Amino acid sequence: MSGLGKLRVAVIGAGAAGLCAARHLLSRPDTFAPPVVYELTKNIGGTWVYEERVGSYDNGLPIHSSMYRDLRTNIPKEVMSFPDFPFAKHLPSFVHHTEVRKYLEQYCDHFRLWDHIQFGTSVASVTPVDVKGGWNGLAWNVTSNDGINHSKSTTERFDAVMVCNGHFYDPYIPAIPGLEKFKGMLMHSHDYRSAEPLAGKSVVLLGAGLSGLDICMELSNVDAKVILSHGQRPLTCPLPSGVQQAPPVTSVLDDGTLEFKNGERAKPEVFLFCTGYNFTFPFLDKKVGVNVQDHHVWPLYKFLIPPAYPSLFIVGICRAICPFPHFHMQTKFILSVLDGSFRLPSREDMEKDVELDIAARRARGIATRHILKLDSEQWAYNDELAHLGGFEPLPRYWSNLYESNKVFRARDMLNYKTYNYTVLDNMEWKVHDLHGQH
Ligand code: FAD
């Protein structure tokens, strides 16, 4: 605790999740000392800071953002925003990524977050220490390096740590036998910036998630010949003309040809992985016992809290969610844990809760790598956090508008970003598209 008995909280990362954490900690000066937000780059925004370069920054650290030049959001601004800070009214529902960065800067201005962020500071280790009289008998040593001169390292003591380091920067490339024999250009969507360099080329694009589909459309606009290879059932939504679908690539033959699961083959100029990212917490002391395997992170009570170290919070690891409001709900819940308004169950009960939750998901046939995909369950999860923490749930229209956008996206992938939404009240909204069809 700080000298005045207020809790000191460290926040790792100044992306949307870290900014949300800082905003709420600062709103409670009765209980929390001003937070320290560590940010390894020179900017706020994380994912939303477009970086033309690929590879590393000048200081040798790997480029964090996976943003590409022409990206527009896939969630309408009406439900993408934090619930307490809407996007500017004049913007269309699906905005260019530069608008999201501006929005996050406005969030920092509005809630006066800038002075609390230590830029160019990379967290190198987070270690628990037993402290008599500390929050739950615990405290945390956070050691950070000056991002430019790695020799300058500083350690500070905190009552709690919120880990907001993002999960879209360490590319995941599946193990494909013979991959080293591929002779063309091999790339991951993390390094994709724009379609022009691939104009007219033959491309096998592996992965039909949101980025995969979006990039597939960009490539077809520059006449690339795309084979979209994926493990889902064949997509029935209209795809750009000329795009073929194929099952996953299972091996690369000696002459560099790709073989698909159905035995068909292709020898493209480019093999592009849109296969997602690994979770990584390189700074976290091993004894905290947070395991990362096969796209799963556990044990975490309510997908947030390691039961043995309940003053550490790993924010935003759930997938297939609406990120900003999700961060908002998780942060409010964390504050309710720290200020004591929600009393955590015992360590054993939290462990049991995690085990039961995982077992229930497995029983529904959910593979380990999909356990963190909440999808439509996110709304019940958000409501549960609000209920336990005793704070406002999201407005009623939120889930319905978000889920409807998913339906429109699946039905009309080529045009859904031309739709515009209007929220009428807490429950109602309407949509119209630029062709006036709704
Ligand atoms: P990040 O934005 O990744 O921020 C993490 C921050 O932590 C970074 O600034 C990083 O520099 C810092 N950091 C990391 N490690 C350390 C360390 N050791 N020490 C100090 N600082 C550290 N979401 C939407 O809502 N709508 C969309 O349309 C959408 N489109 C997307 C498109 C792409 C291509 C991608 C990759 C993601 C998209 N997302 C979208 C998801 C998006 O990532 C989230 O909305 C959100 O921005 C994630 O915020 P974050 O704070 O968790 O992580």
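Which residues in helix 1 meet which residues in helix 5? That is the topic of the first view, and all the views come from a predicted model.

**View 1. Helix 1 meets helix 5.** From helix 1, the residues in contact are Ala16, Ala17, Cys20, Ala21, His24 and Leu25. Their partners in helix 5 are Phe324, Phe327, His328, Thr331, Lys332 and Leu335. Helix 1 covers residues 16-26 and helix 5 covers residues 323-338, and their axes come within 9 Å. The two axes cross at roughly 40°, so helix 1 and helix 5 are oblique to each other. As for handedness, helix 1 passes helix 5 in a right-handed crossing.

**View 2. Helix 5 meets helix 7.** Here is another pair of helices to look at. The axes of helix 5 and helix 7 come within 9 Å and cross at roughly 25°. Angles under 35 degrees count as roughly parallel, so helix 5 gets that label relative to helix 7. This crossing of helix 5 and helix 7 is left-handed. On the helix 5 side, the contact is made by His326, Met329, Gln330, Phe333 and Ser336. Helix 7 brings Tyr381, Asn382, Leu385, Ala386, Leu388 and Gly389.

**View 3. An edge-to-face pair, Trp379 and Tyr402.** The model has 24 aromatic pairs, and this view picks out one of them. The ring centres of Trp379 and Tyr402 are 5.3 Å apart, with 70° between the planes, which makes the pair edge-to-face. Trp379 lies in helix 7 (residues 378-389) and Tyr402 in helix 8 (residues 397-411), so the pair ties together parts that are 23 residues apart in sequence. Are these two residues buried or exposed? Trp379 is buried, with a relative accessible area of 12%, and Tyr402 is buried too, at 6%.

View 4. Ring pairs join Phe82, Phe85, Phe87, Tyr103, Tyr107, Phe111, Phe324 and Phe327 into a cluster. Now find Phe111 in the cluster. The charged end of Arg23 sits over the ring of Phe111, 4.0 Å from the ring centre.

**View 5. Leu374 and the residues around it.** Leu374 sits in the loop between helix 6 (347-363) and helix 7. Buried means under 20% relative accessible area, so Leu374, at 3%, counts as buried. What does Leu374 touch, leaving out residues up to four places away in sequence? The list is Phe303, Cys318, Arg319, Ala320, Ile321, His326, Arg361 and Tyr381. Two of these, His326 and Tyr381, also take part in the contact between helix 5 and helix 7. Val243 is another story: Leu374 and Val243 are 30 Å apart in space, C-alpha to C-alpha, and 131 residues apart in sequence.

View 6. Most residues other than glycine have a negative phi, and most peptide bonds are trans. Asp294 is not a glycine, yet its phi is positive, about 50°. Asp294 lies in the loop between strand 16 (291-293) and strand 17, and is partly exposed at 43% relative accessible area. Ala320 has a positive phi as well, near 55°. Look for Ala320 in the loop between strand 18 and helix 5, where Ala320 is partly exposed at 36%. Finally, the peptide bond from Trp298 to Pro299 is cis, with omega near -5°. Pro299 is in the loop between strand 17 (296-298) and strand 18 (312-314).

How values were computed
Residues numbered from 1 in each chain as written. Predicted model: local features only at pLDDT ≥ 70, side-chain atom pairs only at ≥ 80, totals over all residues. Heavy atoms only, no water. Phe/Tyr/Trp six-rings, centres within 6.5 Å; stacked < 30°, edge-to-face > 60°. Helix = DSSP H or I, 4+ residues; strand = E, 2+ residues; numbered from the N terminus. Buried < 20%, exposed > 50% of the residue type's maximum accessible area, 1.4 Å probe, protein only. Lys NZ or Arg CZ within 6 Å of the ring centre and 35° of its normal. Axes fitted to C-alpha atoms, helices over the stretch in contact; angles between N-to-C directions. Parallel < 35°, antiparallel > 145°, perpendicular 65-115°, else oblique. Left-handed = near helix turned anticlockwise from the far one by under 90°. Contact = heavy atoms within 4.5 Å.
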